[in-house]
Amino acid sequence: MNRMFVGLTLGAAAATMAVGDLFAKVQTWGDEKYRPRLFKNFGDIVNVPDGLTKDPQGNIYHSAPNLVKKDYPGVIVKRDFKSGRWSVLCAGLRSPKTGYGRPMGLEFCEEDGNLYYCDNQYFDSKDYASRVMRVVLNKKGEALRIETAVDNVKLANAIRFYKGDMFITDTYFDLGRKDGIGMGGVYRIPLAACKDKTVSLLPKTDYKKDPYFLCATETKPLERKDDSGADGLAITKEGHLYFGTFGSGRFYTAKRKADGSYEPAKLIFEDPKRFPCCDGICYDEAENRIIMSDSCLNALHTWDIAKEAKGECGFGELWRNSDDTGAHGLLDQPCEPMIWKDKQGKRKLIVANFDMTFPGLENKKNDKFHTLSVINLE
Ligand SMILES: [Ca+2]
Ligand SMILES: [Ca+2]
Ligand SMILES: [Ca+2]
């Protein structure tokens, strides 16, 4: 009798576990109409999805530094607007210092018709090995060669263009922590300056003397002890900059003045509970807002610029989900959002999922699904 009872109990427990696994529910927050769906699941060729950009024809370019499976070179892939087909545009040019090419943030430059990407060498070398690279394209959009536009960068992360200037974030200054604060910054480099030669940034000990240095970020590390500085960067149509820190989600703006210079950067939002990590961000012109990806919370947030102008808090939440592989499109360490119009002219948000765990993030496993998500914004 006793033995039978034990047998039944164990059987019931086993059944409960199996059902629980089958229906393990991912927790989600946000309006169901913004639920992310699967846009693309790559194979191992793209094993750490990162940057996103598009050209005027609607072709999408996507970078992957491939830091998890290093047997695969860092790569830039392209999605043809008409056919929807993906192909490899080029591998990231290998750094002579590390032997790796690590494309991260990238941006199509309408002014010269080329593609630029941040080559993040920081995880392999902290000795200023990172660069900004120019992929020279021909009229058919094929990659002809890759040139170094800017070098001597610590961790080149995001890149944007505005009226003949390139803006980049450098996530680490590595100047030693004063009161535990980590520094990062934003640089502004005229395209003309790096057209025929490589621009070299000054060492961080001299950052204030660097003619290309624009503004700094300060990161006071949170519980996950990360002092990473400026990561995502967005520019409005008026040329105003928005950027935030990866380590603590500090969110800044620097306003462009009529003469083209910039006001000092201003901290406009800091709330580590709701926004502990600012990864890639983008400007949503139709809604006059910034969309921010939060690698730590597996979330997408918004910043309403009209509210900010009225002196109100512009922060809002778009979507968040608990840990998931992303196999069906849910967020898995979102690192870069991009507004894009499909063939029907419908506004979509494409989101790259980095899926490379760091301590303290919602994402717990570098799984086998390497994905882009899509959210219908209409
Ligand atoms: Ca980033
Ligand atoms: Ca995944
Ligand atoms: Ca994962």
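Is Tyr72 buried, exposed or partly exposed, and what is its relative accessible area? Tyr72 is partly exposed, at a relative accessible area of 31%, where buried means under 20%, exposed over 50% and partly exposed in between (1.4 Å probe, protein chains only). The model here is predicted, so local features need pLDDT of at least 70 and side-chain atom pairs count only at pLDDT 80 or more, while totals for chains, interfaces and linings use all residues. Residues are numbered from 1 along each chain as its sequence is written, chains are lettered from A and ligands numbered from 1 in the order in which they are written, and side-chain values use heavy atoms, with hydrogens and water left out.

Back to Tyr72: its place is in the loop between β4 (60–64) and β5 (75–79), with strands (E, at least two residues) taken as DSSP runs numbered from the N terminus. Together with Ile45 and Val88, Tyr72 makes a nonpolar surface patch of about 260 Å².

Next comes the metal. The calcium ion (ligand 1) is held by Asn157 (OD1), Asp231 (OD) and Asp279 (OD), at 2.4 to 2.6 Å. Donors here are N, O and S atoms within 2.8 Å of the metal (3.2 Å for Na, K and Ca), and sites may look incomplete because water is not among the atoms. Along the sequence, the spacing of these donor residues reads N-x73-D-x47-D. Asp231 lies in strand β16 (residues 230–235) and Asp279 in the loop between β19 (266–269) and β20 (281–284), so this pair, 48 residues apart, links distant parts of the chain. Both Asp231 and Asp279 are buried.

Then there are the rings. Rings of Phe, Tyr and Trp (its six-membered ring) pair if their centres lie within 6.5 Å; planes under 30 degrees apart count as stacked, over 60 as edge-to-face and the rest as tilted. That gives 23 aromatic pairs. In one of them, Phe246 and Phe358 have ring centres 6.1 Å apart and planes at 85°, so the pair is edge-to-face. These two sit 112 residues apart, Phe246 in the loop between β17 (241–245) and β18 (251–254), Phe358 in the loop between β25 (347–353) and β26 (370–376). Phe246 is buried at 7% relative accessible area, whereas Phe358 is partly exposed at 26%. Elsewhere, ring pairs link Tyr242, Phe251, Phe269, Phe275, Trp303 and Phe315 into a cluster.

Notes: Helix = DSSP H or I, 4+ residues; strand = E, 2+ residues; numbered from the N terminus. Patch = residues over 30% accessible without salt bridge, like charges linked within 9 Å, V, L, I, M, F, W, Y side chains within 5 Å. Areas by Shrake-Rupley, 256 points an atom, 1.4 Å probe, with all protein chains shown as cover. Salt bridge = Lys/Arg side-chain N within 4 Å of Asp/Glu carboxyl O.
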